[in-house]
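Have a look at the model first.

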Amino acid sequence: MTVQTFTPSATKAASENTVTQPTHTTDVSMKKLYIETQGCQMNEYDSHRMADLLGDSHGYVLTTNPNEADILLMNTCSIREKAQEKVFSELGRWRKLKEQNPDLVIGVGGCVASQEGDNIQKRAPYVDMVFGPQTLHRLPQMLDQHQAQVEKPKKEKIKLVDISFPDIEKFDFLPEPRVEGFKAFVSIMEGCSKYCSFCVVPYTRGEEVSRPLDDVLAEIAGLAEKGVREISLLGQNVNGYRGETFEGGICTFPELLRLVAEIPGIGRLRYTTSHPLEFSDELIQCYRDLPQMVSHLHLPVQSGSNDVLQAMKRNHTIDVYIDKIAKLRKVRPDMHLSSDFIIGFPGETDEHFAETLQFIKDLDFDHSYSFVYSKRPGTPASELPDDTPEQVKKDRLAQVQQVIKQSSIDKTDAMLGKIERVLIEKVSDKDPNLLIGTADNTRLVTFIGDATWVGRFAEIEITEIKTLNLVYGELLNLEPDVA
């Protein structure tokens, strides 16, 4: 489980690890909000929207220091093992803050909240609000209800728990997103209907529901007008998007990509996370036709063994996955591929693992999100017998990660002498003459330039490899502003 403090400048691409710290006010009279974000980009997006909501409705400003906060919110993730226990462990630390400040408000949201519901308040009665991923837009009302109960303590206390699934309602109540930087996430759908045997998402976020097309396009157009140049479309199964059009028809994901590419100002498109079953020929044609599409794809496969995939209920074979990647690389030979891998799934034998390791070598992945399988309560896989020793699983994982790390190193080294299209994002903190941007393949690129170029795209020849994720280069061409 990844844990990070949410800040208003934490927007990043799916594979980046840099976080820009916000500017904080020293006005102690302002009400302050602290948000701890666990897990995926969907949660990061949701945390941004929580901050927008409470900033607009109640005037809260963000802080990175929980000790000075008036509200503590935990946006939880249930993907990893013992997620619930990690939540309650953190809540135990927050309890001490509430003992020091009885007026402190504590809220728990996200997928663990959706799973646990009022059990959270039973185990941690000092928690004031519990809300799910689909009900975060009701936070201002929940906060008002809590404050009303504080002012009239003699009345019977109402448990503030809302983990319902009101379809796509939340987007109708969220304020206009704030823009900080030149990249932005845009959530286009919620939930997942694939029901892989290991995954808890359908039970915590509900089944797939797509936002209406016009709403998505309006949000992106608004971001572009404010200077955003790179959009990352988000969804648990983002390429399964089927949004209703104004005329009552249905817009598919490839059709959406083509429409977004026409929006003035949008010079780069990413998306995550996707499913091989929805990776259609029409989507591959977008990579052929749309220069805004980056040459980087995150397409989770989970295992390189057909037997394991069947047990996972992924409903595709390795041959299907390989065929789709071959078609993609035919139209984009420079495509960088990343994926998810679950190692040690119940029933995975040495032979199954060998198949996965060979598959990883054959597909030449750039990087991955890989981890040892852990049971998620309520999923079908949690009932499967699992007799593989934990140390064996860890050894297998280490082999996978070493192979992919070497592949990533090789791909970075291969950038030397190549020309990369880079979105210039900021001036270096260490040297005002240096600019820092991001290439299609997510590597950070540093080069000499003028601060007025920030926010534009440039062609950079790579002249030096510094680290796995950092290269140096020289400017060849500065593109006109795409706005």
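Helices (H or I, at least four residues) and strands (E, at least two) are DSSP runs here, numbered from the N terminus. With that in hand, residues 413–477 come out as 2% helix and 57% strand, and the end C-alpha atoms of the span lie 22 Å apart. Bear in mind that this is a predicted model, where local features need pLDDT of at least 70, side-chain atom pairs count only at pLDDT 80 or more, and totals for chains, interfaces and linings use all residues. Residues are numbered from 1 along each chain as its sequence is written, and side-chain values use heavy atoms, leaving out hydrogens and water.

**Annotated domain**
- UniProt, in an unreviewed entry, puts the feature "domain: TRAM" at residues 413–477; its positions are given in the numbering used here, feature names are shortened, and annotations may be inferred rather than shown by experiment.

**Aromatic pairs**
- Searching the whole structure turns up seven aromatic pairs; rings of Phe, Tyr and Trp (its six-membered ring) pair if their centres lie within 6.5 Å, with planes under 30 degrees apart counted as stacked, over 60 as edge-to-face and the rest as tilted.
- Tyr34 and Trp94 make an edge-to-face pair, because their planes sit at 80 degrees, with ring centres 6.3 Å apart.
- That pair ties together distant parts of the chain, 60 residues apart: Tyr34 is in strand β2 (residues 32–38) and Trp94 in helix α2 (residues 83–100).
- Both partners are buried (under 20% relative accessible area, with exposed over 50% and partly exposed in between, using a 1.4 Å probe and protein chains only): Tyr34 has 7% relative accessibility and Trp94 has 2%.
- Phe359 and Phe365 have ring centres 5.8 Å apart and planes at 50 degrees, so this pair is tilted.
- Phe359 is buried at 4%, and Phe365 is buried at 1%.

**Charges over rings**
- A charge sits over a ring if NZ of Lys or CZ of Arg is within 6 Å of the ring centre and within 35 degrees of the ring normal.
- Lys31 lies over the face of Tyr60, 4.8 Å from the ring centre, while Arg123 covers the face of Phe88 at 3.8 Å.

- The Thr272 to Thr273 peptide bond is cis, with omega near -5 degrees; Thr273 lies in the loop between β14 (268–272) and α10 (281–289).
- Gln302 isn't glycine, yet its phi is positive, near 80 degrees; Gln302 is in the loop between β15 (296–298) and α11 (306–312) and is buried at 6% relative accessibility.
- Asp364 also has a positive phi, near 60 degrees; Asp364 sits in the loop between α13 (350–363) and β17 (367–372) and is partly exposed at 36%.
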